[in-house]
Amino acid sequence: MKISYNWIKQFIKIDWQSEETAALLTDLGLEVEVVEKYQSVKGGLEGIVVGHVLTCAPHPDADRLKITTVDLGDGIPVQIVCGANNVAAGQKVPVATIGTILYDKEGEAFTIKKGKIRGQESHGMICAEDEIGLGTSHDGIMVLDESLQPGTPAATVFKIENDEVFEIGLTPNRADAMSHLGTARDLRAGMLQKGTHVELITPSVSKFRVDKRTLKIDIDVKDSKLVPRYCGVTISGITVKPSPTWLQNRLKAIGLNPKNNIVDVTNYVLHELGQPLHAFDAAKISGKVIVKTVPSGTKFTTLDDIERSLHEEDIMICDEKGPLCIAGVFGGKDSGVSESTNAIFLESAYFNPVSIRKTAKRHQLSTDASFRFERGIDPSITEYALKRAALLIQEVAGGEITSDIIDVYPKNVEDFSVFLNFNKVTKIIGQEIPKDTIKKILVSLDIKVNSVSDSGLGLTIPAYRVDVQREIDVIEEILRVYGYNNIKFSNKVNATVSNSPRTEDYKIQNVVATQLNSQGFHEMMANSLTTANYIQLSEMLKEEHNVSMLNPLSSDLATMRQSLLFSGLEAISYNINRKNTDLKLFEFGKTYHNFPSGYEEQKHLTLFLTGNRNQETWTASQKPTDFFLFKGYVNAVLERLGIQKTQNQPLTSDVFSEGIAVSLGKDTIVEIGVVKKSILKHFGIKQEVFFADFNWAAILKLISNKIKFVEIPKYPEVRRDLALLIDQTVTYESIYTIAKQTEKSLLKNIDLFDVYEGQNLPEGKKSYALSFSIQDSSKTLTDEQIDKIMTKLQKNFESELGAVLR
């Protein structure tokens, strides 16, 4: 955002250097990124003076050149060779003296030097208007008023404006500062805090009056929620022409190209007060002005000659025949002001910010008006800005006010009420600020103090401060005006030791992340916003449970995610498309649900595995990952957290082709499975993907804060192996369960180290080779005890599973 210093000085009387003002604005939160010099004429006519042509004679060696002697006001006439056909003795002319820098049509600089032209010395240049940037004519030299004194600087004659322009990096929340008035208001508050008392001078509209009531255009607002306030007035008998120099200079200083006096006034008021306006050619309005939405697909041609297809939520300014303008965003080609316009309907309104933002985004239009409307303007100055613009139009274009102002404002936009607690201010800022200082700062920001007590202040925040609606926002306002640099801090370093349990969420999360990193996993973080279309990939996800954004950036970021699966598959697809096919990923994240009981967040840990388990080398070939490897990673996480005695159950899920659920008691801890090919196809993934979803809340419940220490056994562990011939339907889990139930105290571990199916085995049979680790922590086991345990295991396998010892 560009702010003219000369323009600011119309609101507050300030004689500070621009660097000092820029520093204060930055301290106030309006960061000045650069201060640029502006001159209404490039170079500022420096070195150009009024000259008096004393003599003018033909050049002896050139028919088209003339030799002149010119008085430059110092009493020593100089000789200048001039090629203009209209130069004559007695004229007062602009002269570029030796050393003056001029600029050509391309903006390239060149210096006037002493030289010889066809053998005759020339000490300067008599200038045409295009040579010094005062016009486009090159028909001859400029002839000035005869009353001017020789030697008078041309900058004085032509009233060249020199200005300084602040380039402010405005943050999106500071809608109140998107104008010269708003910036001046903040600057005044900062100056008052520094002990410089200045008044804020706002343009007067006391001269506004209706001249005739001959052109009334009625206004019909269909939806007051979309258009809380709409004002309009007609002005007749105007003359559309270029704007006066002062108005053009104001706009040029902030980077705007002047168009004509009517459009320039609307732009001027927009940047002066922050209120966008629009002028319609009154002759092109049929009947009354109707503010409404139109059917989706309606065609409309905007000022840039592009035909656009309207959306059913776009607010449109219409007449009885059809649309005239996209409200708050862009004007229409057929209703704008032209050179033949002699009467206008001038609009000033307050539109719903969300609606304007959606419309601007939908049509990919970003204008000065939409930039302000979508952030929230001041609804209280709508009529004031209209009067200000009407008076300026009369000043620069003539005409008469030919209707009363029609102000459609059915329900006032209310100010915000906040109670400010003094103790809270001290706690947040870290330093006690005197109560009188707090009140002065608030008053300087147009915040009304309604009540005062020992504990705090009852405040009313003006509606245009859309970013100040809570107590903490008010504290931020106090702090930025008081000055962050004025907050003292101690040279003493204080430290406290907090007693936080080892089962704090972030600590457990760090433990798991460290383990997964050591196993080759990479942590990912996906956007919590996603597309609503993903619910179609799983019947378990319900549309009514979606948490939808009221103001989405796009359809791909319109809904809070109900599952971490799809964002992970997006990351996998992205990597595979870039030839990174062997992936181990994990993510800590939340899912969001709109249940009948209310909104709910659920935290998850997810693991993804796909591709090969190792890189191909000359010593080892590639081997694809499999379900058992992935299950091992999951079990390793549970073991690291001390979660034992879990049960595995087959899992029926519409996102897994096959999977299991790991549970403890009634709580499902983690779901593990192979992602269905139909879902992978949606993301363009052709390789197998394994996915695990940990219920993090359940995990935290199961983790004990107590540490249990067990002495390392002094006595040896014994291993015995069994080779069992069993039915193919028998699972390892069933063998494991029977073994643990048979010997609960001495049986420490069971491992399956070989599986065989094939030749020399009866049909429907398979062979499992298992090892059993047996240990007594109090004594050395005897062969008799070991044989007894193994015999008992064998009998139970035979009786319950039909196993046969091979």
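Guide: The account below starts with the pocket, moves to the sheet behind part of its lining, and then goes to other sites.

This is a predicted model, in which local features need pLDDT of at least 70 and side-chain atom pairs count only at pLDDT 80 or more, while totals for chains, interfaces and linings use all residues. Residues are numbered from 1 along each chain as its sequence is written, and side-chain values use heavy atoms, with hydrogens and water left out.

The largest pocket holds about 1,800 Å³ of space. On a 1 Å grid over the protein atoms alone, a pocket is an open set of points with protein on both sides within 12 Å along at least five of seven lines, a cavity is a set where a 1.4 Å probe fits but cannot get out, and lining residues have an atom within 4 Å of a point. Points are joined across faces, edges and corners, and a volume is the space filled by probe spheres set on them.

Two or more lining residues come from each of helix H15 (627–640), strand S34 (647–650), strand S35 (656–664), helix H18 (732–742), strand S39 (747–756) and strand S40 (765–774). Helices (H or I, at least four residues) and strands (E, at least two) are DSSP runs numbered from the N terminus. S39 gives the largest share of this lining, with nine residues. By class the lining has 16 nonpolar, 13 polar and eleven charged residues; Ala, Val, Leu, Ile, Met, Phe, Trp, Tyr, Cys and Pro count as nonpolar, Asp, Glu, Lys and Arg as charged, and the others, Gly among them, as polar.

S39 and S40 also belong to an open sheet of four strands, in the order S39-S40-S38-S41, with antiparallel pairing. Two strands pair if DSSP finds at least two bridges between them. S39 and strand S41 (804–805) are the edge strands with a single partner each, so one side of each has no neighbour in the sheet. Inside the sheet, strand S38 (residues 718–727) and S40 run antiparallel and are joined by ten bridges.

H18, which contributes to the pocket lining, lies across S38, S39 and S40 and runs at about 150° to S39. Helix H19 (residues 783–801) packs on the sheet and touches S38, S40 and S41, with its direction at about 15° to that of S38. Contact means heavy atoms within 4.5 Å; axes are lines fitted to C-alpha atoms, for helices over the stretch in contact, and angles run from 0 to 180 degrees between N-to-C directions.

A second sheet can be described in the same terms. Its three strands form an open, antiparallel arrangement in the order S25-S27-S26. Strand S25 (416–421) and strand S26 (448–452) are at the edges, each pairing on one side only. Direction ignored, neighbouring strands here are turned by 25° against each other on average. S26 and strand S27 (residues 456–461) run antiparallel over four bridges, and Val449 stands opposite Leu459 in S27. Helix H11 (residues 435–444) packs on this sheet, touching S25, S26 and S27, and its direction makes about 5° with that of S27. Helix H12 (residues 471–482) lies across S25 and S27 at about 70° to S25.

The largest cavity holds about 100 Å³. Its lining has 14 residues, with Thr530, Thr531, Tyr534, Arg561 and Gln562 nearest the centre. Strand S31 (559–560) and helix H14 (565–576) each supply at least two lining residues of the largest cavity. The classes in that lining are six nonpolar, seven polar and one charged.

The second largest cavity holds about 30 Å³. Asp176, Arg185, Asp186, Leu445, Tyr464 and Arg465 line this second cavity. Its lining has two nonpolar, no polar and four charged residues.
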